[in-house]
Amino acid sequence: MTRPNSYFDSVFLMRVAAEVGAHPGIRTASLVMATEANKQVLATANLLGDDARDAGPNDLVIAVEGEEAALEPALALAEEAFRSGPRPPGDTAPLRPRTVARAAAGANLAMISTPGRYATAEALKALRGGLHVFLFSDNVPVEDEVLLKQEAQRRDLLVMGPDCGTAVVNGVPLGFANRLRRGEVGLVGASGTGLQQVSALLDAGGAGVSQVIGVGGRDLSEEVGGISTLAALAALADDPATRIIGIVAKPPATPVAEKVLAQAAGIGKPVVVNFLGTDLESPSDSVRLAPTLEATAAAILRASGGAMPPAPARPTAAELAGRLGGGRRLLRGLYAGGTFAYEARILLKPALGEIAHSVESPPRLPARHTVLDLGDDRFTVGRPHPMIDPTTRLELLRAALNDPETGVILLDIVLGHGAGPDPAGALAPAIAGAPGSPVVIAFVVGTEDDPQGLAAQRRTMAEAGAIIASNSSDAALLAGEVLTR
């Protein structure tokens, strides 16, 4: 069904879709604005009804698949959510600003989450109104990203994004972010879950953050040239509350990486850099290159006088390998965080060789080592991100548990604002109910102050039979040791 002229931002729609999709008898629920790109995604998933084909980008499409008796109550649940609106808990104000111009009074940052085709115009309005921009929207053309960041550069402002998933600005979490103690470490990242992992490890090790600045996954590409990363570094260099700086990103373009490292060397503050999968040299004694997310946090903690948190108790790799029956030889990495999947493939390739990163017909898994980023567009067609809705990951998890060739399953559990209320609880029953199952290695990304609670989520996974690793790097390396024993 469609709702004409009913715009809601993507974060709100993902949450409503997760609630509707969890209703008994519903297999899939997708709520999206009827842009051409979204309609194409729905058509691919066989969820585009006749009434939605002619809908326009200002119309809302509600696509629900399930048992006939469940459809009407599920749609009623969605309508109730629309009547309530995307209001934060405790917000009783009768009106909320619906334009950048109305919201700008007294603000210095705009958070924008509109369909990609409209995001550029809204971000330009914010920049021209003197606001920094957190741009959650995806599907923004790269040429528009360059335009926005050059405009921000001229105005001495910062654009975080597009497709920026994580930031913590002056203690305020934006997007998918954790509750972190305040401190002297400033983080910059073209990786949302990478920033979450490093900042959570810092929190556990006694260090706090001054700012966590996401810049969007394309910022360090040759086309964009690292405009926001360089601007964020300059801002942290001038910030008296920031004494140490960390940078986290998947592989940048080499010329851009060299430009970032050169600027970092001239800051006059210690800088720890993690460009996953690259082999670069440090330009200065003040700049340290770290190969993994764990090593990045450890280096920052050493510079701040903190220490890595103690590792959870667990069996040795040899003991875990001894649990595997004959024929259990394959790795299955089922990640919600794209950076974690990328890091795992890098760390495990020397031990396991080439690792598949896609499946042709999920939930069927290939007869080879496989590490999947389940937040990729291939797996979120018609469904919310796995950090919100576990449906896709549960299907693949059950397939992996039931596959007699599966030796080790890797899982990330990401906590914080934006994530599901009990991500460990959504996966634990499948693990606990699988007799003679492979070794499940899980790591939890978050803090004790997160709504879900770090210790409680670890306990839920451990009680289901999972082995708890300290972090993403530790989990991947342990999996490699188990499978090569």
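Helices (H or I, at least four residues) and strands (E, at least two) are DSSP runs, numbered from the N terminus. The expected span of a helix is 1.5 Å times one less than its number of residues. The views below show a predicted model, in which local features need pLDDT of at least 70, side-chain atom pairs count only at pLDDT 80 or more, and totals for chains, interfaces and linings use all residues. Residues are numbered from 1 along each chain as its sequence is written, and side-chain values use heavy atoms, with hydrogens and water left out.

View 1. The C-alpha atoms fill a box of roughly 65 × 65 × 40 Å along the principal axes. The radius of gyration, taken over C-alpha atoms, is compared with a globule rule of 2.2 Å times the number of residues to the power 0.38. For 485 residues a compact globule would have a value near 23 Å, and the 22 Å of the protein agrees with this. Buried means under 20% relative accessible area, exposed over 50%, and partly exposed in between (1.4 Å probe, protein chains only). By that rule 53% of the 485 residues are buried. Contact means heavy atoms within 4.5 Å. Among contacts with a separation of 6 or more, 72% are between residues 24 or more positions apart.

**View 2. Surface and charge of the protein.** Accessible areas come from the Shrake-Rupley method with a 1.4 Å probe; for residues, only the protein chains shown count as cover. The accessible surface comes to about 20,500 Å², and carbon and sulfur atoms hold 50% of that area. Lys and Arg count as positive and Asp and Glu as negative, while His and the chain ends are not counted. Each charge is placed at NZ of Lys, CZ of Arg, CG of Asp or CD of Glu. There are 42 positive and 53 negative side chains, and the centres of the two sets lie 2 Å apart.

**View 3. Helix α14 (residues 391-402) and the elements it packs against.** The 12 residues of α14 should span 16 Å at 1.5 Å a residue, and the distance of 17 Å between the end C-alpha atoms agrees. T392, R393, L394, L396, L397, A400 and L401 are the buried residues of α14. These buried residues pack against strands β14 (330-335), β15 (370-373), β16 (406-414) and β17 (439-445), and against helix α15 (423-432).

**View 4. P404, in the loop between α14 and β16.** With 56% relative accessibility, P404 counts as exposed. Leaving aside residues up to four places away in sequence, P404 touches G327 and R328. P404 and L147 are 257 residues apart in sequence, and their C-alpha atoms are 52 Å apart in space.

**View 5. G325, in the loop between α12 (317-323) and β14.** G325 is partly exposed, at 38% relative accessibility. G407 is 82 residues from G325 along the chain, and 8.4 Å separates their C-alpha atoms.

**View 6. Helices α4 (residues 68-84) and α17 (residues 472-483).** The buried residues of α4 are A70, A74, A78, E79, A81 and F82. Helix α17 has 12 residues and should span 16 Å, in agreement with the 17 Å between its end C-alpha atoms. Because 10 of the 12 residues of α17 are buried, α17 is largely enclosed by the rest of the structure. Among the buried residues of α17 are S472, D474, L478, V482 and L483.

**View 7. Backbone geometry in loops.** Most residues other than glycine have a negative phi, and most peptide bonds are trans. A cis peptide bond joins G161 and P162, with omega about 5°. P162 is in the loop between β6 (159-160) and β7 (166-169). D163 also lies in the loop between β6 and β7, and D163 has a positive phi of about 55° although it is not a glycine. N170, in the loop between β7 and β8 (172-175), is not a glycine either and has a positive phi of about 50°. The relative accessible area of N170 is 49%, which makes N170 partly exposed. The bond from P362 to P363 is cis, with omega near 10°, and P363 lies in the loop between α13 (338-352) and β15.
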